Amino acid sequence: MTGCATPQADLTHQICAAAVLQVHAEGEAEHAAIGHNAVLNLVPREHIPIMQQAMADHDRDFAVFYNRMAELLETATSQ
């Protein structure tokens with residue numbers, strides 16, 4: 001893995017990571033909706049409210065994570 005610690009390799013990794021985050025973010029709403037519907041069709045009706053809350057919490061937590069990662073990558077690639 002020669003050259004992985006060079007500034008050019010670091011920039012390449014950052015650009016690739018930014019692209020992965022962008023692609024993930026663009027499809028996330030549709031992906032989440034499909035997953036949410038699948039899960040809600042598998043749990044007993046009385047568990048639906050708690051599952052909906054858990055999914056909303058999960059989506060909120062991951063949105064914070066992805067937004068922070070995007071901020072870090074933007075900062076790193078702009079230097």
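## Overview

Of the 79 residues in the protein, 9% are buried. The model is a predicted one. Its fold contains 2 helices and 0 strands. The accessible surface of the protein is about 6,300 Å², and carbon and sulfur atoms account for 63% of that area.

**Helices and a contact across the chain**

- Helix α1 covers residues 7-40 and includes Ala-18.
- Helix α2 covers residues 48-77 and includes Met-69.
- Although Ala-18 and Met-69 are 51 residues apart along the chain, their C-alpha atoms are separated by 8.5 Å.
- Ala-18 has a relative accessibility of 30% and therefore counts as partly exposed.
- Met-69 is likewise classed as partly exposed, because its relative accessibility is 30%.

**Nonpolar surface and aromatic rings**

- Phe-62, Phe-65, Met-69 and Leu-72 make a nonpolar surface patch of about 340 Å².
- The whole structure contains 1 aromatic pair.
- This pair is formed by Phe-62 and Phe-65 in an edge-to-face arrangement, with 6.3 Å from centre to centre and 80° between the planes.
- The angle of 80° is over 60 degrees, so the pair counts as edge-to-face.
- Both phenylalanines belong to helix α2, where Phe-62 and Phe-65 are 3 residues apart, or about one turn of the helix.
- Phe-62 is partly exposed at a relative accessible area of 38%, and Phe-65 is partly exposed at 42% relative accessibility.

**Salt bridges**

- The structure has 3 salt bridges.
- Side chains of opposite charge can pair when their charged atoms come close.
- Arg-60 and Asp-57 are joined by a salt bridge with an N to O distance of 3.1 Å.
- These two residues, Arg-60 and Asp-57, lie about one helical turn apart because they are 3 residues apart in helix α2.
- Arg-60 also forms a salt bridge with Asp-61, their closest N and O atoms being 3.1 Å apart.
- A further salt bridge links Arg-68 and Glu-71, with 3.4 Å between the closest N and O atoms.
- Arg-68 and Glu-71 are 3 residues apart in helix α2 and so are separated by about one helical turn.
- Through shared partners, salt bridges connect Asp-57, Arg-60 and Asp-61 into one network.

**Exposure of the charged residues**

- Arg-68 is partly exposed at 45% relative accessibility, and Glu-71 is partly exposed with a relative accessible area of 42%.

Definitions and conventions: Residues numbered from 1 in each chain as written. Predicted model: local features only at pLDDT ≥ 70, side-chain atom pairs only at ≥ 80, totals over all residues. Heavy atoms only, no water. Patch = residues over 30% accessible without salt bridge, like charges linked within 9 Å, V, L, I, M, F, W, Y side chains within 5 Å. Areas by Shrake-Rupley, 256 points an atom, 1.4 Å probe, with all protein chains shown as cover. Salt bridge = Lys/Arg side-chain N within 4 Å of Asp/Glu carboxyl O. Helix = DSSP H or I, 4+ residues; strand = E, 2+ residues; numbered from the N terminus. Buried < 20%, exposed > 50% of the residue type's maximum accessible area, 1.4 Å probe, protein only. Phe/Tyr/Trp six-rings, centres within 6.5 Å; stacked < 30°, edge-to-face > 60°.
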